[in-house]
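Student: I have a model open and want to learn to read it. Where do we begin?

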Amino acid sequence: MIQRYSSVIVFLLCWILRTESFSQNKNGRTTRVRHSPTSSTSITTSTSVQASVDGDSAITERRKFLSNTMGAVVTMAGISAMPNQALAQPTATVSPEPNKYGVASNKRLGGLANKIRNICNTMDEMQRDLMQERWDLVAQYPAQLRSYVPLLTAYTDSAFPSEAPSDWGLRVALRYEVGRYFGCLERLRSAVAKQNLNDAYIAYADMSLHLDRYLKVGGIYTFYDDVIDNEKYFDKYNDALVYSDPIKDPADVRDLVVLCKGPDKGKTGIVIGVYQDGSETCAVKMDRYKGMREIRVVPRSWAAKRLGEQDPDDVFLIPRKAT
């Protein structure tokens with residue numbers, strides 16, 4: 001608004017100043033004093049001089065006021081013409097609120113965060129090809145995923161750049177997860193070369209777990225679930241969940257499951273890995289929510305097969321790119 005009318009205001013002020021200047025010149029000519037030997041003429045002349053001085057003082061004050069006003073208008077017009085970036089407060093001074101993991105989500109790094117979330121899409125495509133045992137396609141993913149190392153490193157150093165203990169600790173935690181992620185990637189590469197399906201599933205499950213932890217610690221998740229325990233909500237509706245006995249018929253990789261116990265009771269997903277280290281646990285990739293799929297490592301007795309007709313996991317609905 002200021003920028004639109006500033007030129008009009010400046011024009012009017014210049015016109016007023018010019019009018020005042022013309023009036024002063026005219027008054028100067030009409031009040032010019034001519035000395036005379038008579039006393040009456042001297043009195044008249046003295047009165048005229050005083051009136052001229054008073055008129056000059058008033059004009060000077062008005063001119064000073066108009067000059068200050070015009071300077072203020074020009075200054076405001078210049079400010080309004082400045083780019084918004086020059087007027088905006090630096091985002092680095094804003095202290096975002098921490099999420100439930102104690103990490104402040106940094107909105108300045110939206111581009112990097114979105115690119116890192118796209119790694120999940122690549123992981124979904126690899127899950128589809130791995131579970132369909134397309135070894136020729138799975139062999140292409142390790143090189144593609146390896147190319148994300150600079151991206152993860154750039155986000156880690158940019159999101160938490162200071163030497164404060166909190167930032168330093170988060171950088172260490174994120175670098176640890178990145179190291180574990182690419183360590184599991186090498187295990188996947190080796191398993192694919194040998195076409196060892198069980199080892200490939202375990203390596204993929206560990207990759208998914210470490211990437212999920214990176215997203216959470218780095219504040220890249222699109223949502224945060226504040227519910228601590230879902231079991232209390234099913235106390236009166238325990239029969240609402242329909243599933244097979246997880247002890248007699250344990251779920252295996254590719255089975256669609258519902259968590260029948262634990263803090264995530266009632267949530268659904270797909271088993272992506274069963275650990276053979278004697279822990280009797282499995283990795284479950286939860287169904288998509290707000291674009292994200294959490295990874296949970298739970299006892300096999302908590303992951304029960306869903307009964308009845310079920311839609312396939314959404315990774316199998318991803319169209320395969322033409323080669």
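Tutor: Begin with one residue. At 45% relative accessibility, Arg175 counts as partly exposed. Keep in mind that this is a predicted model.

Student: Which residue does the side chain of Arg175 meet in a salt bridge?

Tutor: Look for a side-chain nitrogen of Lys or Arg within 4 Å of a carboxyl oxygen of Asp or Glu. Here the partner is Asp157, with N to O at 2.7 Å.

Student: How do I read the way α7 and α8 pack? At what angle do their axes cross?

Tutor: Compare the axes in their N-to-C directions. The axes of α7 and α8 (residues 165-194) cross at roughly 170° and come within 10 Å. An angle over 145 degrees counts as roughly antiparallel, so α7 is roughly antiparallel to α8.

Student: Which residues make the contact?

Tutor: From α7, Val149, Leu152, Thr156 and Asp157. From α8, Arg171, Leu174, Arg175, Val178 and Phe182.

Student: What does burial look like along a helix?

Tutor: General idea first. An α-helix has 3.6 residues a turn, so residues three or four places apart point the same way. Now the case. In α7 (residues 149-159), the buried residues are Leu151, Leu152, Tyr155, Thr156 and Ala159. Seen down the axis of α7, these buried residues fall within an arc of 130°, so they line one face of the helix.

Student: Tyr155 is on that buried list. How far apart are Tyr155 and Gly111 in sequence and in space?

Tutor: Read both separations together. Gly111 and Tyr155 are 44 residues apart in sequence, and their C-alpha atoms are 9.8 Å apart in space. Gly111 is in helix α4 (residues 110-131). With 45% relative accessibility, Gly111 counts as partly exposed.

Student: Back to salt bridges. How many are there by this rule?

Tutor: The count comes to 21. Take each pair, then ask where its ends sit. Asp249 pairs with Lys305, the closest N and O atoms being 3.0 Å apart. Asp249 is in the loop between α9 (197-217) and β1 (256-259), Lys305 is in strand β5 (residues 303-305), and the two are 56 residues apart. Asp249 is partly exposed at 33% relative accessibility. Lys305 is partly exposed at 22%.

Student: What about Arg296 and Asp264: buried or exposed?

Tutor: Both are buried. Their side chains meet in a salt bridge of 2.7 Å, N to O. Arg296 is in strand β4 (residues 295-299) and Asp264 in the loop between β1 and β2 (268-274), 32 residues apart.

Student: Now zoom out. How many helices and strands does the chain have?

Tutor: Nine helices and five strands. Along the sequence the pattern is α-α-α-α-α-α-α-α-α-β-β-β-β-β. Buried residues make up 35% of the 323 residues in the chain. For sequence range, take contacts between residues at least 6 apart in sequence: 64% of them join residues at least 24 apart.

Technical notes
Residues are numbered from 1 along each chain as its sequence is written. This is a predicted model: local features need pLDDT of at least 70, side-chain atom pairs count only at pLDDT 80 or more; totals for chains, interfaces and linings use all residues. Side-chain values use heavy atoms; hydrogens and water are left out. Buried means under 20% relative accessible area, exposed over 50%, partly exposed in between (1.4 Å probe, protein chains only). Helices (H or I, at least four residues) and strands (E, at least two) are DSSP runs, numbered from the N terminus. The arc is that of the directions from the helix axis to the C-beta atoms. Axes are lines fitted to C-alpha atoms, for helices over the stretch in contact, and angles run from 0 to 180 degrees between N-to-C directions. Angles under 35 degrees count as roughly parallel, over 145 as roughly antiparallel, 65 to 115 as roughly perpendicular and the rest as oblique. Contact means heavy atoms within 4.5 Å.
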